[in-house]
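Hi,

Here's the structure I promised to pass on. Have a look at it first, then read my notes below with the model open beside you.

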Amino acid sequence: MIWTIILLIQAGLLYFVLTHRKRYKTDPPLDKGVIPWLGHAFEFGKDAFKFLGRMKMKHGDIFTVRVAGRYVTVLLDPFSYDLVLNDKNCLDFSRYAALLMDRIFQLQLPHHMQNKSKAIMKQHFLGMNLSSLNTSMGRHLHNLVKAELSLNQKDWKEEGLFNFSYGLLFKAGYLTLFGDEQNNNSMDLSKIYKEYMKFDGLLIKLARGTLKPEEKKLAQCVRQNLCELLSPVGIKEDSGLGSWVHTYRRLLQDVGADRDTQNKALLMQLWASQGNAGPAAFWLLGFLLTNPDAMAAVKKEFSGISQTSDTCLLTVKTPVFDSALEETLRLTAAPFITREVVREKTIHMADGQEYLLRKGDRVCLFPLLSPQMDPEIHSEPQKFKHDRFLNQDGSPKMDFYKRGRKLKYYTMPWGAGTNGCVGKRLAINTIRQFVYMVLTKCDLELCDPNAQMPEVNTSRYGFGVLQPEGELYIRYKLKQTMKDNE
Ligand code: HEM
């Protein structure tokens, strides 16, 4: 008995030594929460926007919270974001990314592969190659939308807008980046989408390590199925320059990754490339359908585009659409930009205060809270205003201010700096082509004309573009004028 008590006391002391943390004068405000070790993990995971908003009210633009044994310094001052985004010496992107990669995809890749893999992405997703990707995306979108509409020549088809948008964009994106002439079979495509959606539904719990035993089994099974479906992708040498997926597969082989690791790496890329555009297209179409003025303005702009001149819209200027998309992403793009502190770093805040970031902690920016939803920067920030990013003369608006000072980051859906989004141009053009096709080729309306936008799934804050809780039901059919032209 006495030994049990001594052991318990020792364990208690060890626990205290390991988890105790005192705030020094140089530290940001510290909020450990009341639950030992877990700290604020529960509140953070349930609704990070609400929790971090509460912490901002309590502590200001910088504070450190304890979350599941880790100390995370949250920085919410957009004037100081560059201090984090541009520092590769003290702040590391890859460690936290590797942790998520392992948790979600059970994937471990050699550290040195990261730079090469990014160079390949830049080579294929930017510059000259981007236009051929855009053309291919346009072709696949056209065929998919046409196939969908040919089934509904006369009658309205009812569907959830989220499934409609995510499904079509996923399939077009898959065919463009992962497909070849052999594996374009539509049965496989629907099967891959179905499995992918099951995986996407488990993703947040996978990232947090909070799956229940039966969900763990399901995740294992879905991951396995997806890996098998992806197994033939990028294997065959193709002609010409070589597709991105083929070059990426070859890099994996060169660093000695076995077949299973290669397939898991492709699954990770599938999620990175397809996880955000579909949900973004959903929110945009949803906001347009529930805001008739915005819909009329975008349709008016699209009606001025000659259908024969440029089907991929590459050379067409669409400032109204661009503003509506920027506004959509301001409201729904919610990534955490997380870095691990590998060397002590002093942060000089815009208000003149200085704080020390401690080695071993994480630092996290949450642009959704500021600048995107900051009422000092954007008036009525909860409201969708399609022309928020337009000047009076119709040109793109880029001047936004906080406390009288002009902001570099007034919205930040794509991240920024060295690890900013490589697929930004492709994603914007894909969403634009999709919305253009849907609005010019279909009659599209809400099933319930008074329907409101669904709430967001609050557990997904921190993981890119948000997803809705529930659906927004639409009906659509081929436009009469299109039928006459067929
Ligand atoms: C609406 C669509 C998209 C949004 C909102 C989005 C957002 C982001 C954000 C915020 C980051 C930065 C993460 C950080 O700094 O921690 C990022 C990184 C990245 N994105 Fe996107 N993305 C989108 C579409 C795409 C597409 C279509 C691709 C590829 C075809 C892509 C590929 C990547 C890659 C590879 C990175 C990592 C860059 C690095 O390692 O430095 N994204 N994206």
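**Around the ligand**

The ligand has 23 residues around it, and the ones that come nearest are Asn276, Gly415, Asn419, Cys421 and Gly423. Helices H6 (113-125), H12 (259-274), H13 (277-290) and H17 (424-441) are the elements that give two or more residues to this shell. H6 gives the most, with three residues. What is the shell made of, by class? It has 15 nonpolar, seven polar and one charged residues. Do keep in mind that this is a predicted model.

**The sheet**

Next, find the open sheet. Six strands form it, in the order S1-S2-S3-S9-S6-S4, and the pairing is mixed. S1 and S4 (91-92) stand at the edges with a single partner strand each, so one side of each is left without a neighbour in the sheet. As a reminder, strands of a sheet pair through backbone hydrogen bonds, either parallel or antiparallel.

You can see both kinds of pairing if you start from S2. With strand S1 (residues 30-31), S2 pairs in the parallel sense over two bridges, and aspartate 31 has valine 65 of S2 as its bridge partner. With strand S3 (residues 70-75), S2 runs antiparallel, and six bridges join the two. The hairpin of S2 and S3 has two residues between the strands, and alanine 68 takes a positive phi near 45° in it.

Is S2 (residues 62-67) enclosed or open? Six of its six residues are buried, so S2 is largely enclosed by the rest of the structure. In a regular strand the side chains alternate between the two faces of the sheet. Here, Ile62, Thr64 and Arg66 point one way, while Phe63, Val65 and Val67 point the other way, and all are buried.

Helix H5 (residues 94-105) lies across S4, S6 (337-341) and S9 (362-365), and runs at about 115° to S6.

Then there's a helix pair, H13 and H14 (residues 292-303). They pack at an angle of about 110°, and their axes are 5 Å apart. That makes H13 roughly perpendicular to H14. In this contact, Phe287, Leu288 and Leu289 of H13 meet Ala294, Met295 and Val298 of H14. The contact residues divide into six nonpolar, no polar and no charged.

Most residues other than glycine have a negative phi, and most peptide bonds are trans. Now for some exceptions. The peptide bond from serine 370 to proline 371 is cis, with omega near 15°, and proline 371 lies in helix H16 (residues 368-372).

Glutamate 380 is not a glycine, yet it has a positive phi of about 40°. You'll find glutamate 380 in the loop between H16 and strand S10 (401-402). Why does glutamate 380 count as exposed? Because it has 9 C-beta neighbours inside 10 Å, and 12 or fewer is the cut-off for exposed.

Arginine 403 has a positive phi too, near 45°. Arginine 403 lies in the loop between S10 and strand S11 (405-406), and is exposed, with 10 other C-beta atoms within 10 Å.

Cheers

Terms used: Residues are numbered from 1 along each chain as its sequence is written. This is a predicted model: local features need pLDDT of at least 70, side-chain atom pairs count only at pLDDT 80 or more; totals for chains, interfaces and linings use all residues. A residue is near a molecule or strand if its C-beta atom, placed from the backbone, lies within 6 Å of it. Helices (H or I, at least four residues) and strands (E, at least two) are DSSP runs, numbered from the N terminus. Ala, Val, Leu, Ile, Met, Phe, Trp, Tyr, Cys and Pro count as nonpolar, Asp, Glu, Lys and Arg as charged, and the others, Gly among them, as polar. A residue is buried if 20 or more other C-beta atoms lie within 10 Å of its own, exposed if 12 or fewer, and partly exposed in between; C-beta atoms are placed from the backbone. Two strands pair if DSSP finds at least two bridges between them. Axes are lines fitted to C-alpha atoms, for helices over the stretch in contact, and angles run from 0 to 180 degrees between N-to-C directions. Angles under 35 degrees count as roughly parallel, over 145 as roughly antiparallel, 65 to 115 as roughly perpendicular and the rest as oblique. Two residues are in contact if their C-beta atoms, placed from the backbone, lie within 7 Å.
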